[in-house]
Amino acid sequence: MSIARLSGPTRLLLGSALVLLGTPACAEVGATVTLATQDRFRGYSVSDGYPAATFSLSYDDAAGPYVEGSVMIAGNPSNGIERSRFEGNAGYAVRLKDGPTLDAGIVHAEYTGYRIYGRQAVFTEFYAGLIAGPVSAHLHYSPNYFQRGVTTFYADVDGSASLAARLRLSAHYGMLFQIEGNHEPVGSHIRDWRIGASTDVKNLTFEVALASGSNRRGFYGVVRNGGAALLFSASAAF
């Protein structure tokens, strides 16, 4: 079978694997497996409140380019509920002399098990931002945010701080602005936030976080298990 005939998610995972196999000595590669009580995206439970497992492959070249591919699975197969997400991210980071790092790239995600107005949930975003130590800020642009003709900007700020040798705090705040397209009942300006604490035990990372949420119909399909939630996750890096 030719690569051109493979599906988008399959090409994504195959491409990530080929990149990792051909990694030069000056680049960093990694793989991560995460188990979480649920998977949330900008305040919405895209796993419908079910536990989720995510596998990621990443490549980070010292010269600036980086790429990452991931797959998430969730749901309850015994009840016929299955959710998955295939995501690819490619970008370039440039460290300014005695200053922050400029970061820009593109991310594409495809969801299965979801239908938004009869269509598969898919979106592509372009982003650019600054990274200064433990703080980063980005602006994202999507011409078709899960729905054709729905144009959005998303601005976010992330930060982290170490309280002890193995204890870290993290925080996230984001706001989505819809520029064009039919407005959803949730509104054209949506905020989301997340506060978490994590610790390392050998090669495992455990995190507990409080995340915002919405109980109203939004851009990501019918909302289930909305509202703020306490989340738990465990990750293993290789």
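1. In which strand is Gln178 found? Gln178 sits in strand β11, residues 167-180; strands (E, at least two residues) are DSSP runs, numbered from the N terminus.

2. A word on the basis of these notes: this is a predicted model, where local features need pLDDT of at least 70, side-chain atom pairs count only at pLDDT 80 or more, and totals for chains, interfaces and linings use all residues. Residues are numbered from 1 along each chain as its sequence is written, and side-chain values use heavy atoms, leaving out hydrogens and water.

3. Gln178 is buried, with a relative accessible area of 6% (buried means under 20%, with a 1.4 Å probe and protein chains only). A polar atom of the Gln178 side chain lies 3.2 Å from the backbone oxygen of Glu180.

4. Within it, β11 pairs with β12 (residues 189-201) in the antiparallel sense over 11 bridges, and Leu169 stands opposite Ala197 in β12.

5. Do have a look at β7 and β8 too. β7 (residues 101-116) and β8 (residues 119-132) run antiparallel, joined by 12 bridges, with Leu102 opposite Leu130 in β8. Two residues separate them in a hairpin, and Tyr117 in the turn has a positive phi of about 55°.

6. Next along, β8 pairs with β9 (residues 135-142) in the antiparallel sense over seven bridges; Tyr127 has His140 in β9 as its bridge partner. This hairpin of β8 and β9 also has two residues between the strands, and Gly133 in the turn has a positive phi of about 60°.

Note on methods: Helices (H or I, at least four residues) and strands (E, at least two) are DSSP runs, numbered from the N terminus. Buried means under 20% relative accessible area, exposed over 50%, partly exposed in between (1.4 Å probe, protein chains only). A polar contact is a pair of N or O atoms within 3.5 Å; within protein, one must be able to donate a hydrogen and the other to accept it, and residues adjacent in sequence count only if both atoms are side-chain atoms. Two strands pair if DSSP finds at least two bridges between them.
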